[in-house]
Amino acid sequence: MSADTAVAPVVEMTGITIRFPGVLALDAVDFSLRPGEVHSLMGENGAGKSTLIKALTGVYPVDAGEIVVGGQPRSFSSTADAQEAGISTVYQEVNLCANLSVGENVMLGHEPRRGSGIDWKAAHREAARHLQSLGLAIDTRSMLSSHSIAIQQLVAIGRAMVLDAKVLILDEPTSSLDRGEVEQLFSVIRDLRTRGVAILFVSHFLDQVYEISDRITVLRNGQLVGEYAVHELPRGELVTKMIGRELDELAALASVADRAIDRTGTPVLRATGVGRRGALEPADIDVFDGEVVGIAGLLGSGRTELVRLLYGADRAETGQIEVHGRSAKHSSPRQAIENRIAFSSEDRRAEGIVADLTVAENIVLGIQARRGALRKIGRAESDAVVQEYMTALGVRPADPSMLAGNLSGGNQQKVLLARWLATAPELIVLDEPTRGIDVGAKADIQRKVAELSANGLSVIFISSELEEVLRLAQRVVVMRDRRKIGELDSSGVTIEHLIDYIANEGQESVA
Amino acid sequence: MKAIVKHRLFWPSVALLTLIAINTIARPQFILITVRNGELYGALIDILRNSAPLMLVALGMTIVIATRGIDLSVGAIMAVSGAVALTIIDGSAEPGSLGTVLIALVVALVVALVLGVWNGFLVAVVGIQPIIATLVLMLAGRGVALLITEGFITTVNSTPYEFIATGYLVGLPFALLISIAAIAVVALIERRTALGVLTEAVGINPEASRLAGVRARGIVFSAYVASGLLAGIAGIIYSSNIRAADANAAGLFIELYAILAVVLGGTSLMGGKFTIAGTVIGVLTIQTLEATILFLGVPSAQSPVFFALVVIVVVLVQSPRLHSWARTAMKTARTRGASDTGPRAKVAS
């Protein structure tokens with residue numbers, strides 16, 4: 001199964017260094033990829049996986065280091081450049097044209113010509129042939145958007161085949177696929193491997209990594225930890241290598257979850273049967289004073305949908321919400337904010353940070369919005385609030401006049417947390433607050449959440465990293481397929497147990 | 001020095017000052033301001049006075065553009081407000097009385113406000129794309145103005161009304177005073193309250209602002225209302241200047257000049273950060289350019305092309321990409337030419 005080490009690598013990256021404002025995203029990382037192998041890139045969020053991929057595909061210029069593709073030193077200035085050299089990428093969010101047909105998408109830019117026009121018949125025939133070779137028999141004239149994400153991903157791979165890709169990068173391809181679809185994808189990957197395509201695979205599912213990979217490269221905090229043949233690296237060791245020092249730093253936090261919560265009184269928030277067609281089946285949730293309720297589940301399991309309904313970011317079609325026992329109607333974020341609920345979205349850039357405003361303006365935005373446009377927060381008050389929260393959360397660099405868009409992800413997250421904490425909420429909903437941020441910032445944020453909840457703030461905490469959920473939450477709501485499948489008391493629950501619960505039907509409880 | 005060059009108003013100011021310098025070199029009396037009977041006269045004063053309608057419209061446009069919108073209907077609103085005011089004055093028994101003129105002004109401005117509310121309703125409440133929503137009124141507005149004037153060009157003879165555009169107060173043209181007052185009021189409202197920063201937040205990232213609890217809808221709505229009202233005042237100044245309500249010519253293409261002024265001033269059409277001072281400079285640049293065309297005696301058949309050429313130059317001078325190209329070109333030229341200055345020689349300072 002494992003790749004022949006005698007074969008010359010098709011991609012060889014040496015000493016790759018990339019700097020972002022305030023962060024060393026990649027620090028002299030080496031990486032190589034051989035034809036006919038599946039090579040997994042592993043690391044926690046923010047370890048530098050995406051950055052390395054973007055360096056290879058020409059999205060980011062490298063500050064130092066060399067990229068050799070097919071024996072020639074290259075520096076790609078765009079993804080088109082990289083594609084030209086045979087490097088194709090399939091992202092988790094498929095980047096094809098949803099409003100074109102499957103065939104058009106596969107052949108885009110490479111349509112067979114007849115005279116001055118395009119021979120559409122031949123184009124669709126060709127597209128069908130490529131898809132067939134991937135075991136995909138669908139009508140090439142159907143709209144891409146009419147197919148599931150899984151099919152769209154296979155179409156994207158089909159397109160890569162048209163471009164004669166020698167290197168195929170699959171960035172989190174399986175995060176929104178069900179098991180059958182993953183199997184289908186894997187058989188396509190295996191087939192491509194035997195045809196000599198080098199495949200770079202990124203996934204946070206360990207099972208899948210071990211099922212499909214030949215080699216594993218581990219990154220941590222922008223640095224190369226090492227490259228290993230898959231059979232030489234037991235799972236436990238892999239996890240240790242990925243997590244590294246974070247384990248020690250965060251071990252101290254483990255105790256905070258073991259805190260008795262008084263659940264006899266009225267909950268801060270109680271939702272019964274909130275749901276919305278196509279987004280979430282009716283679900284119940286309640287949160288008590290000082291409690292951290294975790295929501296665990298895969299991407300697309302409905303966890304974001306649930307909290308968006310609670311906050312009024314989307315309108316619930318069914319169900320009731322009570323805040324401190326009083327019935328509340330959250331049909332817009334403002335109503336939730338009036339009830340002292342705060343919500344930090346998982347999509348920091350699109351739904352959180354106002355990139356062209358300064359850090360200070362971003363922090364006071366929450367207070368200012370609450371007060372309305374006419375009562376401007378005074379300079380002195382603003383400075384005091386900004387100073388207080390920047391210090392408390394350790395925003396780096398500590399420059400309030402810097403544009404928020406120039407901060408690193410972790411610091412942007414801190415700014416968002418500051419914005420909400422400054423409004424003195426009673427319940428704060430954090431959707432993936434630690435995604436894609438460095439370990440230090442991650443630890444800071446977790447520490448702050450633990451500290452605030454110990455002081456009586458209620459928290460709903462969503463994270464793909466189950467360690468984090470178990471570390472912080474007293475109770476974990478488990479979701480799957482846009483449905484709440486159950487609730488666990490986190491004490492004594494292991495990650496394995498939780499994974500099992502998410503994956504299997506959750507027969508212990510009937511939600 | 002570097003801080004000055006980096007300032008967002010640096011290049012717009014350079015463009016304006018260059019235009020003024022060219023005019024002064026061509027005909028030195030351009031720069032002269034004379035005092036007659038305690039009143040100021042001169043080419044520069046004329047530019048300031050004549051720029052009033054465009055200034056008002058551009059101020060409103062700045063706020064609308066900051067919300068990621070656009071208001072194409074400002075010219076039509078000008079036509080309507082002028083038509084309303086003059087029709088009332090024309091129909092009254094005493095067109096020359098101050099009372100009549102005040103009633104006419106109030107009604108005209110209320111109508112302009114209502115038209116702004118209509119735009120705001122379409123954009124902020126119904127959710128129609130701004131360019132389409134305001135296009136409706138841009139096309140229909142002149143028809144409404146024609147209905148009001150019954151298809152005629154209404155002319156009046158009313159001393160108080162003419163005073164608005166041509167009169168002098170405390171030594172300055174009254175239109176210029178209106179202009180200054182409008183700039184001050186808009187700047188105060190935007191910067192002394194939080195409206196400005198919230199408008200920018202909505203323009204930069206509408207969804208993040210909504211989730212942060214900003215009343216995005218109200219802010220966008222108010223921008224169109226402000227734009228409508230300012231266009232209404234502009235329409236009154238315009239009609240006062242020609243003593244007539246010309247439904248077809250009033251404010252023709254002014255929306256485009258206003259957009260140009262906003263962009264010349266350094267506010268991005270993508271919305272977000274806006275600068276009132278920049279827009280003021282942009283308006284004065286356009287008005288100076290128009291004066292230049294008259295002043296240099298460019299034949300009227302060639303003036304649009306001349307205007308366009310100068311605009312292209314001004315826009316290119318401000319282009320950040322061009323600046324970076326220029327920097328790289330200079331850098332290579334220097335390293336090639338004189339190695340004795342050392343590789344550390346700073347270029348952009």
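**Conventions.** I number residues from 1 along each chain as its sequence is written, with chains lettered from A and ligands numbered from 1 in the order in which they are written. Since the model is predicted, I kept in mind that local features need pLDDT of at least 70 and side-chain atom pairs count only at pLDDT 80 or more, while totals for chains, interfaces and linings use all residues.

**Chain B as a whole.** I looked up the secondary structure and found 16 helices and 6 strands in chain B, where helices (H or I, at least four residues) and strands (E, at least two) are DSSP runs numbered from the N terminus. The radius of gyration, taken over C-alpha atoms, is 22 Å, close to the 20 Å that the globule rule (2.2 Å times the number of residues to the power 0.38) gives for 349 residues, so chain B is as compact as a globular protein of that length. I also noted that the C-alpha trace of chain B spans about 85 × 55 × 40 Å along its principal axes.

**Where chain B meets chain A.** I counted two residues as in contact if their C-beta atoms, placed from the backbone, lie within 7 Å, and on that basis 22 residues of chain B are in contact with 24 residues of chain A. On the chain B side, α10 (195–204) and α11 (206–211) each supply at least two residues, and α10(B) gives the most, with 6 residues.

**A sheet in chain A.** I then followed an open sheet of 6 strands in chain A, which has mixed pairing and the order β18-β19-β20-β15-β21-β22; strands pair if DSSP finds at least two bridges between them. The edge strands, each pairing on one side only, are β18 (341–344) and β22 (483–489) of chain A. Strand β21 (residues 475–480) of chain A pairs with β22(A) in the antiparallel sense over 6 bridges, and here I found A:Arg475 opposite A:Asp489 in β22(A). Helix α10 (residues 303–311) of chain A packs on the sheet, touching several strands, among them β15 (292–296) and β19 (427–431) of chain A. The direction of this helix makes about 150 degrees with that of β19(A), with axes fitted to C-alpha atoms, for helices over the stretch in contact, and angles running from 0 to 180 degrees between N-to-C directions.

**Domains of chain A.** Last, I checked the domain assignment, whose bounds come from an automatic or database source: it gives domain 1 (11–244), domain 2 (245–340 + 425–511) and domain 3 (352–424). The C-alpha centres of domain 1 and domain 2 of chain A lie 33 Å apart.
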